[in-house]
Amino acid sequence: MNALEKLEKLLDREQFEKIKALNNPELHEFLAEWIEWLEPDKVFVCTDSPEDEAYVKWKALYYGEERMLETPNHTVHYDNYYDQARDKANTKLLVPGGKEIPFLNTKDRDEGLKEIRELMKGVMKGKELFVCFFALGPRNSVFTIPAVQLTDSAYVAHSEFILYRKGYEEFKRLGRNAKFFRFVHSAGELDERKTSKNLDKRRIYIDLLDDTVYSVNTQYGGNTIGLKKLAFRLTIQKAVKEGWLSEHMFLMRVNGPNGRKTYFTGAYPSMCGKTSTAMIPWENIVGDDLSFIVPVNGVARGANVEKGVFGIIQGVNPEDDPIIWKVLHSPVEIIFSNVLVKDGKPYWNEMGIEIPEEGENHSGRWWRGKKDKEGNEIPPSHKNARFTVSLEHFPNVDLEALENPCGVEVGGMIFGGRDKDTWPPVREAFDWKHGVITMGASLESETTAATLGKEGVRAFNPMAILDFMSVPLGEYIRNYLDFEKKLRKAPKIFAVNYFLRDENGNWLNHKLDKAVWLKWMELRVHGDVDAIETPIGYIPKYEDLARLFREVLDKDYTREDYEKQFTIRVPELLAKIERIETIYREKVGEVPEELFQVLEEERKRLLEAREKYGDYISPSAFEGE
Ligand SMILES: Nc1nc2c(ncn2[C@@H]2O[C@H](COP(=O)(O)OP(=O)(O)O)[C@@H](O)[C@H]2O)c(=O)[nH]1
Ligand SMILES: C=C(OP(=O)(O)O)C(=O)O
Ligand SMILES: [Mn+2]
C-alpha cells in the first residue's frame with residue numbers, strides 16, 4: 001500500500017481530498033507514517049481558508065485549552081504550573097553517534113528517535129490531530145521555507161495561525177519540489193485544567209538530519225510552537241550551510257531626518273528587550289523575534305520569519321508600552337497565556353493599575369499570598385506570561401517591509417543583553433569583524449524566567465542565540481565573519497545595554513531611553529553625527545544625546561547621567577575579555593583565529609587607556625584624543 005492509499009484509509013473523505021491536492025509524495029509518506037503512529041481519533045487538515053482557521057479556534061475553546069474573555073476575540077490559555085518556560089535540559093539535538101558538541105545539548109540520533117517514538121506511540125488516542133501548513137518568511141520569496149505542523153493542541157495550531165503566514169497554497173504551488181520542515185507535537189495526557197500532565201516525560205528532540213522536530217508532554221509555546229524556536233534550530237543549520245544568517249533578532253524601521261527609513265535588526269536573549277525595542281513609539285516594527293538576513297546582490301536584506309508577536313506581558317503598562325497596551329485593550333484576536341483572570345478580564349504583574357486580590361491564574365484558583373509546593377509566593381501572573389497577536393493589528397507595523405518578498409536593506413545590527421556593570425548603554429563597533437567578535441560573539445546576559453532554572457546568573461550567550469544553536473559555535477562564527485565578504489557594504493554593528501545598575505542596584509536608565517539610542521544609531525549609519533573613539537568602539541558625544549533626549553523624549557539629559565552611564569569600566573571590561581577568551585579557547589575549540597586577535601587588540605587598547613587614565617574613565621578623556 002502506498003502512502004496515499006494509507007492516508008485514504010486514515011482520513012475522512014473531505015480531509016483526504018485536501019491532502020491529495022498537494023502533489024508531494026514525501027509529504028504523503030510523512031503524514032501516513034505519523035498519523036498511523038499517533039493514532040488520533042480524528043484528523044483535521046487545515047487549508048488556508050478562513051473556515052479552516054475558524055475551526056481550529058473553535059476547537060481550542062471546545063476542548064477547553066482556551067477560554068473566552070470578556071472582550072470579543074480575546075481568549076486565555078494556561079500551561080501547567082511547571083511548564084511555563086523553555087525546558088533546556090530536555091531539548092536535545094539528535095546527531096549520529098551522539099557526538100558531543102561544546103555548549104550544545106546533543107543525543108544519539110537513533111536512541112533519541114527511539115525514545116520519542118515510544119513516547120508518542122498512540123499518544124493521540126481519544127484526541128483530534130490538526131495538520132497545518134505554514135511558511136517561514138514572506139511567501140514565494142528567497143526567504144520562504146514551507147513547514148507542516150502536526151499537533152493535538154488546538155491552542156498550538158491557533159497560535160501558529162496568528163504568528164505565521166499560511167502555507168497550504170505554498171505547498172500546492174511548490175508541489176513535489178517543496179523542501180519542507182516538519183513538526184510533530186503532542187501535549188500528551190491532560191489534567192482537569194487541560195494542561196500537560198506528564199512533565200517528567202517532556203521532550204523536545206530536534207532531528208537535524210531530517211529537518212524534523214518532535215515535542216511531547218508540554219504546551220508552553222517556546223517548547224511547542226513548531227515554527228518559532230523549534231524551527232529556529234533547523235534554520236540556523238540551513239543558514240550556516242548556505243551562507244546567510246538566521247538570527248534571534250527583531251527587525252525594525254528607525255525613522256531618520258527628512259523621512260529617511262533605516263532598518264535595524266537586534267539580537268537580545270529572551271526577556272531582554274527585543275519586543276519592547278521593536279515596539280517603541282516613534283519607530284515602526286517589522287518583527288520582534290526572528291529574522292532571516294540574506295545577501296542579495298551585495299546587500300544584506302532582512303525579513304521577519306513570522307507575522308505575529310508572542311510577547312512577554314509582564315511590565316506592559318500604558319506609559320512605557322503605549323502601543324502594546326492599546327492593542328491589548330482592543331477587540332482584536334489575542335491569546336493571553338498564564339495571566340490572572342477575574343470576571344473575564346486579564347491582569348498581569350506590573351501593569352500599572354490595581355490588580356484583583358484573587359481570581360484564576362497559572363496555578364489554578366489564586367489569592368494573594370498563595371504559595372506553591374516549594375513554598376514560594378505565587379505572583380498574580382507568571383513572569384513569562386505572554387500575549388499572542390498578529391502584527392497587522394499594530395498601528396506601528398511597517399506592512400510594506402513585512403510583506404516585501406525582497407525584505408529590506410539592513411542598515412544596522414544591534415547586540416545586547418542583561419549586563420549590570422560592564423557595557424555602556426550604546427556603542428558602535430569599529431567595523432564588521434570588531435562588532436561580530438567583541439559584541440556578538442562576546443555577548444553575556446543574566447538568565448531570565450524565559451527558561452526553566454535559576455534567574456539572574458551571568459551567562460555566555462553569543463549572538464543571544466546559544467539556547468538555539470545547532471552547529472558548532474566556531475562554524476557559526478566563521479559564517480558570520482564570511483558574511484561580510486558577500487556584501488558591498490556591511491551593516492554597521494552596535495551593542496546596547498539597557499540594564500546597567502548603580503551600587504544600590506537601581507537602573508541607570510529609563511525604559512524609554514532606548515528611543516534615543518536608536519535615533520543615535522540611525523544617524524551613525526549615515527555618518528550624520530561624530531562620535532568618541534574609545535578602546536571598545538565609538539560612543540555618543542554628550543551634546544548629541546542631550547539634543548536627542550530633548551527632541552525625542554522632551555527630557556533633560558544631564559552630563560552627570562552621561563558620565564555615569566558612559567564611563568569606560570576598564571576592570572569589568574578586561575575581566576569580560578578574560579572570560580570570553582577562556583571560553584573560546586578552552587571550551588569551544590575550533591574557533592577562527594581572528595577571534596583571539598581581535599580580543600587581544602581590544603585588551604591592549606584597554607590596558608593602554610588604563611595606564612593613562614585609570615580604571616574608570618570618563619568619556620571626555622577620549623574626546624580630546
Ligand atoms: N529595566 C529595563 N527593563 C526593560 C527594558 N526594556 C525591556 N525591559 C523588560 O524586559 C522584559 C522583557 O522584554 P521583552 O522586550 O519582552 O524581551 P524579549 O523576550 O527579548 O522580546 C520585560 O519585562 C520588559 O519590561 C529597559 O530598557 N529597562
Ligand atoms: C518565545 C521565546 O521568545 P522571546 O525571545 O521573546 O522570549 C522564547 O525564547 O521562548
Ligand atoms: Mn519577545
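Predicted model: local features only at pLDDT ≥ 70, side-chain atom pairs only at ≥ 80, totals over all residues.
Tutor: Residues are numbered from 1 along each chain as its sequence is written, chains are lettered from A and ligands numbered from 1 in the order in which they are written, and side-chain values use heavy atoms, leaving out hydrogens and water.

Student: Okay. What makes Glu611 exposed or buried?

Tutor: Exposed means over 50% relative accessible area, buried under 20%, and partly exposed in between, with a 1.4 Å probe and protein chains only. Glu611 has 72%, so Glu611 is exposed. You'll find Glu611 in helix 19 (residues 593–613); helices are DSSP runs of H or I with at least four residues, strands are runs of E with at least two, and both are numbered from the N terminus.

Student: And how far is Glu611 from Trp34?

Tutor: The two are 577 residues apart in sequence and 66 Å apart in space, C-alpha to C-alpha.

Student: How do you know whether Lys107 is buried or exposed?

Tutor: Its relative accessible area is 18%, so Lys107 counts as buried. Lys107 sits in strand 5 (residues 106–108). Setting aside residues up to four places away in sequence, Lys107 touches Lys92, Leu93, Leu94, Val95, Gly98, Gly112, Glu115 and Tyr205. Contact here means heavy atoms within 4.5 Å.

Student: Which residues of helix 1 and helix 3 meet?

Tutor: Ala3, Leu4, Lys6, Leu7 and Leu10 of helix 1 meet His28, Glu29, Leu31, Ala32, Ile35 and Glu36 of helix 3. By class, that's 7 nonpolar, 1 polar and 3 charged residues. Nonpolar covers Ala, Val, Leu, Ile, Met, Phe, Trp, Tyr, Cys and Pro, charged covers Asp, Glu, Lys and Arg, and the others, Gly among them, are polar.

Student: What makes helix 15 and helix 16 oblique?

Tutor: The axes of helix 15 (residues 514–525) and helix 16 (residues 542–553) cross at roughly 120 degrees and come within 9 Å. So helix 15 and helix 16 are oblique to each other. Their contact has 10 nonpolar, no polar and 2 charged residues.

Student: What about helix 9: where does helix 9 bend?

Tutor: Helix 9 (residues 226–242) bends by about 45 degrees at Phe232. That bend is the angle between axes fitted to the seven residues ending there and the seven starting there. Helix 9 is also mostly covered, with 14 of its 17 residues buried.

Student: Why are helix 9 and helix 14 called oblique?

Tutor: Helix 9 and helix 14 (residues 473–483) pack at about 55 degrees, with axes 9 Å apart. Helix 9 and helix 14 are therefore oblique to each other. In that contact, Ile236, Ala239 and Val240 of helix 9 join Glu475, Tyr476 and Asn479 of helix 14.

Key:
Axes fitted to C-alpha atoms, helices over the stretch in contact; angles between N-to-C directions. Parallel < 35°, antiparallel > 145°, perpendicular 65-115°, else oblique.
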